[in-house]
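Here's a quick walk through a few spots worth a look. Have the viewer open as you read.

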Amino acid sequence: MRAHSIGGSLHGLMAESCSPKPAPACSEPGESVHTGLRQVFLPVVAKAGFTGPAERPAVIRLPALEREAGATDPPEKSNPGSVGSGSIVLICPGARPAVHALAQSAPLALTPILGKSLLEHWLDHLTDEGVRRVCLVASDRPEHVRTWLGDGVRWELKVELIAEAGELTIEEARVKYSANDPSDPRAKPNGVLVMDFLPGAPTRPLFRSYAGWFMAVTRRMPQAASAPDRIGVRELHSGVWAGLHSRISPDAELRAPCWIGEKVLIGPRAIVGPDAIVEDGTVLAADAEVANSIVGPGTYVGEFTEVKNSLASGSTLINWQTGSCIQVPDAFLLSPLDQRVITDRADHALGVQRISFDHHL
Amino acid sequence: MKIEQHEDTLHVSEVRELDSAHAAIVHKTVVESVSETVRHIEVDLSGTLFLDSCGLGTLVALRKLVGLRGGVVRLLNPTPAALQLLQLTRLYRVLEVVKREEASAGANQKDDPHYGA
């Protein structure tokens, strides 16, 4: 009996030779479709800035925030998410009791949303808005944020991280990071924002409830798929998106709207959707079903397992309707892939005949 | 654990944990209590704090036992956590789930898995 890490098997799978095929004819949203296209293999375009933990002092103080000529008043009151050019103070959400389970393994700022972290969504947005400097204020596990952020050069932004003991309010941040001297360029940053919503969607708060989180994230699918910085996302059918290096069994059923991230493996007769998001590096075994749910990155969803009305990540399962949260005790049902070994039996369950474990992307 | 028989139904309650450590003894005790007149088994899960695949296996085994007699296993008032596991494994399709209001009304209708919708 061979035992390999699932990561190895995935790499092997993705290294198999396969060529892109044209997308089938579109179908109406909500329609159940049996897919013919199941392999997406496009070149990986890496972005800089993910080279590992950055060597930075424990606390980084905010440098002078430049105030550009003609900068306007903080716009967050009238149009949150639209910040104009110049500089911005961005506050990472701290504790949010209503959705505490989302922050079990990482701060909320790093919670994955459609292949990116919440912070990444914001930094991309701020870059597009012409912001040049970001003062990032983090109170929940700032060292995680710092590690993830690295030097921040990938956004062509000057990002400075400040660790705070507790989350600041907008007014506190405005006061604290504005100099007393009005001539000081720090006197008035363009705006102060709290990442409690996705950019451009201030009416959909993320952290008031699990249901709110689910609604806000699932409504983001079309916009995320069409973002210019997305590479390799293909719309297989109307409302069905799949990322790079994903392998989907021809017997699987994809029901729009649904999002399948990168390096996802979907086994035979599995059903995805409607209103389902399967984040990067996740495996859905044969006959599994995911509907009205979000499955987090690197999660194994076992054979015949049914994930509905839920947020699943690793072994954590949250019913977003009731708020009930459990740790699934049986790894064959739901588990994180980084703690799982794959066996020949599991290979069979995934519909995989032969896997080369020697090839890595 | 408390076991009582009312007419043709065996009522099992006060099962705090139904996991690998307790499933076997629960199964053995219930099976020994099943007389010839028992047709249905009701398991009150309102106080069950922990449930895993071994516990679910016990419930399925009881379902098989009474199924041969034309009976059913009803799960009464499962906790939200237990409901999540029943849905994850799709066992709500083979085991009758009776919610609190239904149980108090004496209803025996199969539970809608999309509770709270």
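Which residues does B:Thr89 touch, not counting residues up to four places away in sequence? They are A:Leu333 and B:Leu56, where contact means heavy atoms within 4.5 Å.

Before going on, some housekeeping. This is a predicted model, in which local features need pLDDT of at least 70, side-chain atom pairs count only at pLDDT 80 or more, and totals for chains, interfaces and linings use all residues. Residues are numbered from 1 along each chain as its sequence is written, chains are lettered from A and ligands numbered from 1 in the order in which they are written, and side-chain values use heavy atoms, with hydrogens and water left out.

**Around B:Thr89**

You'll find B:Thr89 in the loop that runs between α3 (80–88) and β7 (96–98) of chain B; helices (H or I, at least four residues) and strands (E, at least two) are DSSP runs, numbered from the N terminus. B:Thr89 counts as buried because its relative accessibility is 19%. The cut-offs are under 20% relative accessible area for buried, over 50% for exposed and partly exposed in between (1.4 Å probe, protein chains only). A polar atom of the B:Thr89 side chain also sits by two backbone oxygens, as listed here.

| Backbone oxygen | Distance to a polar atom of the B:Thr89 side chain |
|---|---|
| B:Leu85 | 2.8 Å |
| B:Leu86 | 3.3 Å |

**Two helices in chain B**

Helices α1 (residues 23–33) and α2 (residues 53–67) of chain B pack at about 20°, and their axes are 9 Å apart. Axes are lines fitted to C-alpha atoms, for helices over the stretch in contact, and angles run from 0 to 180 degrees between N-to-C directions. That angle makes α1(B) roughly parallel to α2(B), a label for angles under 35 degrees. From α1(B), the contact uses B:Ala23, B:Val26, B:His27, B:Val30 and B:Val31, while α2(B) brings in B:Cys54, B:Gly55, B:Thr58, B:Ala61, B:Leu62 and B:Leu65.

**Over in chain A**

Chain A has seven helices and 26 strands, and 56% of its 361 residues are buried. Helix α2 (residues 118–128) of chain A is largely enclosed by the rest of the structure, because nine of its 11 residues are buried. Among those buried residues of α2(A) are A:Glu120, A:His121, A:Trp122, A:Asp124 and A:His125. Just after α2(A) comes A:Gly130, with a positive phi of about 90°.

Notes. Polar contact = N/O pair within 3.5 Å; in protein donor to acceptor, adjacent residues only side chain to side chain. Parallel < 35°, antiparallel > 145°, perpendicular 65-115°, else oblique.
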